[in-house]
Amino acid sequence: MTSAEVLPGPGDGHIPIILLVEDDVLVRFTTAETLRDEGYTVLEAVDAPEALALIGTGHPLDLVLSDVRMPGEMDGVALTHAIKALRPNLPIALISSHLDPGMTHCGEAFLSKPYEPAHLLLLVEKLVGAKWQTRHSNPTAS
Amino acid sequence: MADQAQQSDCILIIDGDVLVRHALADYLRNCGYIVIEASSTDEAKIVLNEDSLAVDAILADAEAPGSLNAFEFRAWALRRRPATEMALAGSFEAAAHKAADLCEDGPHLGRPYDPQSVISYIRRMVGNARSASIGLAS
């Protein structure tokens, strides 16, 4: 396959796995179900320690979606740095209602709240698609 | 969201351990349920106070964190949602077996796999996570 070819979408072959980090239970459930309805597998974490615990299991992941403002010592930006130290190739998108241009530098993308589900899905498709592309062109990449 | 939840049976899982919660939720989703994950009784109260969310059953860790302990939460939940069944599990092994029973009773696909597989999966995840945290600390 060349890099120009379209990789399979959710449901065709590899199902992308997304780690969603969000401290609001209703937002987390709604967002996760939106993604599951599109065929993605979603792991849910309430905060940074939970996200790092899931990552520490070695569970395969294609994308991390994280809220920026979270309770506890680590916010979304600190979590992004911690994840990048563990899995440098794992794409991360930050979500926040407080747009800070500086935040875009620590993750691959930034989504501003409130957002339409269609915008979320577009962003995920773009990031997961890019990941598939990287993996396929370099199958030994983790 | 609300319409979708009302179309399928929905289970609310309450467990403060993300590895256990994830494994149980994954198992229940594989047998056809919509699953809401709550990390504490406080999150579970938010869910049950949301009238648009139909919750058919609750599976809670007996030691779930929160401002209400699991037994106090059960009493509160029975008042808030009298028709909702609730099971308390004292260990993740017991929770896995209760999840399997829910699958057995559910209208969907039956047990996706043996509950012992869930227990083994949780043990593997916990072991891996511990190794990773030791590696990070050293």
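Q: What makes strand β1 of chain A and β2(A) a pair, and in which sense do they run?

A: In this predicted model, where local features need pLDDT of at least 70, side-chain atom pairs count only at pLDDT 80 or more, and totals for chains, interfaces and linings use all residues, β1 (residues 17–21) of chain A and β2(A) share five bridges in the parallel sense. Two strands pair if DSSP finds at least two bridges between them, so the five bridges meet that criterion. Among the bridged residues, L20(A) has E44(A) of β2(A) as its partner. Residues are numbered from 1 along each chain as its sequence is written, while chains are lettered from A and ligands numbered from 1 in the order in which they are written.

Q: Why are β2 and β5 of chain A called edge strands?

A: The open sheet has the order β2-β1-β3-β4-β5 (chain A) with parallel pairing, and β2 (41–45) and β5 (109–112) each pair on one side only.

Q: How do you know that α3(B) and α4(B) are roughly parallel or antiparallel?

A: Helix α3 (residues 41–49) of chain B and helix α4 (residues 70–80) of chain B pack at about 5°, with axes 11 Å apart. Angles, taken from 0 to 180 degrees between N-to-C directions, count as roughly parallel under 35 degrees and as roughly antiparallel over 145; α3(B) and α4(B) are therefore roughly parallel to each other.

Q: Which residues make the contact of α3(B) with α4(B)?

A: T41(B), A44(B) and L48(B) of α3(B) meet A70(B), F73(B), A77(B) and R80(B) of α4(B), contact requiring C-beta atoms, placed from the backbone, within 7 Å.

Technical notes
Helix = DSSP H or I, 4+ residues; strand = E, 2+ residues; numbered from the N terminus. Parallel < 35°, antiparallel > 145°, perpendicular 65-115°, else oblique. Contact = placed C-beta atoms within 7 Å.
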